Amino acid sequence: MKKSKIKSSTIRQVLHYVRNYKLLLFLSILFATITVALTLYIPIIVGQAIDLLANGQGNIDLDKVLFLLGNIAIIAVIIALLQWIMNNINNKITYNVVRDVRNDAFEKIERLPLKYIDSHSHGEIVSKVIADVDQFADGLLMGFTQLFTGVVTILGTIVFLILINFKIALVVVLLTPLSLFIANFIAKKTYSMFHKQSSVRAEQTAIIDEMVGNLKVVKAFSHEDEAIEKFDIVNEKLQKCSVKAIFFSSLVNPTTRFVNALVYASVALVGAFTVIGSGEVALTIGALSSVLSYATQYAKPFNEISGVVSELQNALACAERTFALINEEAEVAEPSDAIALSNVEGRVTLDDVSFSYNENQRLIENLCLDISKGQRIAIVGPTGCGKTTLINLLMRFYDVKGGSISVDGNDIRKITRASLRESYGMVLQETWIRNASIRDNIAIGKPDATDEEIIEASKRSHAHSFVKRLPNGYDTIVSEDSSLLSQGQKQLLCIARIMLCLPPMLILDEATSSIDTRTEIKIQDAFAQMMKGRTSFIVAHRLSTIREADLILVMNAGKIIEQGTHDELLAKGGFYHSLYNSQFEGQEEN
């Protein structure tokens, strides 16, 4: 029952997307109906020609026979033209729907809370947007091109059979439910199998994404055999799921063919007895030929639809996974009266803030902090103490569970996310370089920046010297995986972005972790100039880089256990004193 409910909701959502193209859908159905009607009319003409030849008794009206054959040729040309137009319409509907689904999926990813992205494999998410939608497109296209035509053919054939002979039509109608029952029974079984196949395929994509993205680590730890073994297990699992799903789905075609053969044999038998019968109900040889042709045409759509049903099962299973992503709950909506920050001073207040990623595991509790305009706040502590979590809360990547965070006296939950995040300049330990030119990468936060501004920002971040040496300078195309740039150079480009925007508040989370010591000293001087008058949050493991901070917050287990200046904290001889001395043990301090 659960599966059928999910399936029906998936179908409703597919129809919701198709509904946007009502005119094209109407034209497709119209052309399908005309095509089928003309196709079914041809056996009538053939039957008439056969009767002329059979009853001519040596005096055949050849002109009339040729006229009928000419009509068949004209109708065949019209059918071919209509089918070509119909196929183009079906392609347009299918790929417009696929485009809309992918757009919605990608837009939903942009609006999803970070907790969803953090808790799901990136490869699985990519699989839902790319591979699953491709499978959905194949099934949808087959559904449009064959399902409509098949259904109309079945209905049209019954109508023509009724017009020729009611008894024969009754035989066909009575045997039809048997074919439908078998197809429906197998289809229900295969749906869950195709759903499992899609899930395992996503698992396989996630493994490939993980291995390719971290191949250096895999090789460094000689983990190749274990990675191959893990992939082989999932690959074997996918093979078994696929074979099982395809085996059961392939049963539909031969079983429906068997039933259709029974239909054809029954029609032939009843028709033959009717031909040799007497009275007004007797069939002519030409009419029997038409009836047998209809029996064949009636059976053909069932064979096609059986294949379509298998594809649709796979398509719906894939669509369900993609729709599950689209239907995920987005970030908490901004209130209608949300304010947009402007002329930000940089006063930040944390009032009794509590937060945890897991309800059963507490992290930050009752955190209070009042930061004045232009203060430089350093956040230090052991790994896992909550430093990055605090940054996530300031940027509203996550919402607090209790208490509030305010900027210039405004609760950030009542501020538009865009204006809040535009007020911060953020440089993280993890770099992100988009697939674009160096110029576009630097100007990502200020697209209208001039070349002079971009070059000046690069000089201040000490990136200009290596950019000049690239093949095309600032026009060189780079990406996150580009071998043209080292990790340190990527980080310098990220720093250049902030130097270009100069926002009122800064967040530097291990901003120089990948940069050599000599360049780091130069950049620290540039940062010091940039931080003047700007509220700055500095997360650092190298405590030598935060000696000049106005306030140092020492965190442990989600709590601020110490706070003060560098000298004050050393004088206390507490946790910070131990942390600091552990980094400089055996070294002389100047």
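**A walk through a predicted model**

Residues are numbered from 1 along each chain as its sequence is written, and side-chain values use heavy atoms, with hydrogens and water left out.

Back to Arg-111, which lies in helix 3, residues 62–111. Helices here are DSSP runs of H or I with at least four residues, strands are runs of E with at least two, and both are numbered from the N terminus. Which residues does Arg-111 touch, not counting residues up to four places away in sequence? They are Ala-330 and Glu-331, where contact means heavy atoms within 4.5 Å. Arg-111 and Ala-333 are 222 residues apart in sequence, yet their C-alpha atoms are 9.7 Å apart in space.

Helix 3 also holds Val-98. Is Val-98 buried or exposed? Val-98 is buried, with a relative accessible area of 5%. Leaving out residues up to four places away in sequence, Val-98 touches Val-133 and Ala-137. From Val-98 to Phe-136 there are 38 residues in sequence and 8.0 Å in space, C-alpha to C-alpha.

Let me step back to the whole chain. The chain contains 20 helices and 12 strands. Of its 590 residues, 45% are buried. Among contacts with a separation of 6 or more, 77% are between residues 24 or more positions apart.

Now for helix pairs. Two packed helices are described by the angle between their axes and the distance between the axes. Here the axes are lines fitted to C-alpha atoms, for helices over the stretch in contact, and the angles run from 0 to 180 degrees between N-to-C directions.

Take helix 5, residues 122–129, and helix 6, residues 131–164: they pack at an angle of about 20°, with their axes 3 Å apart. That makes helix 5 roughly parallel to helix 6. Angles under 35 degrees count as roughly parallel, over 145 as roughly antiparallel, 65 to 115 as roughly perpendicular, and the rest as oblique. Val-126, Ser-127, Lys-128 and Val-129 of helix 5 meet Ala-131, Asp-132 and Val-133 of helix 6. Sorted by class, this contact has 4 nonpolar, 1 polar and 2 charged residues. For those classes, Ala, Val, Leu, Ile, Met, Phe, Trp, Tyr, Cys and Pro count as nonpolar, Asp, Glu, Lys and Arg as charged, and the others, Gly among them, as polar.

Next, helix 17. The axes of helix 17, residues 487–501, and helix 18, residues 517–531, come within 12 Å and cross at roughly 15°. Helix 17 is therefore roughly parallel to helix 18. Leu-492, Ile-495, Ile-498 and Met-499 of helix 17 make the contact with Thr-519, Ile-523, Ala-526, Phe-527 and Met-530 of helix 18. By class, that contact has 8 nonpolar, 1 polar and no charged residues.

Helix 17 has another partner: helix 15, residues 451–460, packs with helix 17 at an angle of about 125°, with their axes 8 Å apart. These two helices are therefore oblique to each other. Glu-453, Ile-454, Ala-457, Ser-458 and Arg-460 in helix 15 meet Ala-496, Met-499 and Leu-500 in helix 17. The classes here are 5 nonpolar, 1 polar and 2 charged residues.

That brings us to the core. A nonpolar core is a set of buried Ala, Val, Leu, Ile, Met, Phe, Trp, Tyr and Cys residues joined through side-chain atoms within 4.5 Å. How many residues does the largest nonpolar core have? It has 43 residues, and those with the most contacts inside it are Ile-438, Leu-493, Ile-546, Ile-552 and Tyr-576. Helix 17 gives the most to this core, with 8 residues. Apart from it lies another core, of 35 residues, including Val-344 and Leu-551.

One last stop is Asn-343, in the loop between helix 11 (285–326) and strand 1 (348–355). Asn-343 is exposed, with a relative accessible area of 76%. Its phi is near 50°, a positive value in a residue other than glycine. Asn-366, found in strand 2, residues 364–371, also has a positive phi, near 50°.

Notes: Predicted model: local features only at pLDDT ≥ 70, side-chain atom pairs only at ≥ 80, totals over all residues. Buried < 20%, exposed > 50% of the residue type's maximum accessible area, 1.4 Å probe, protein only.
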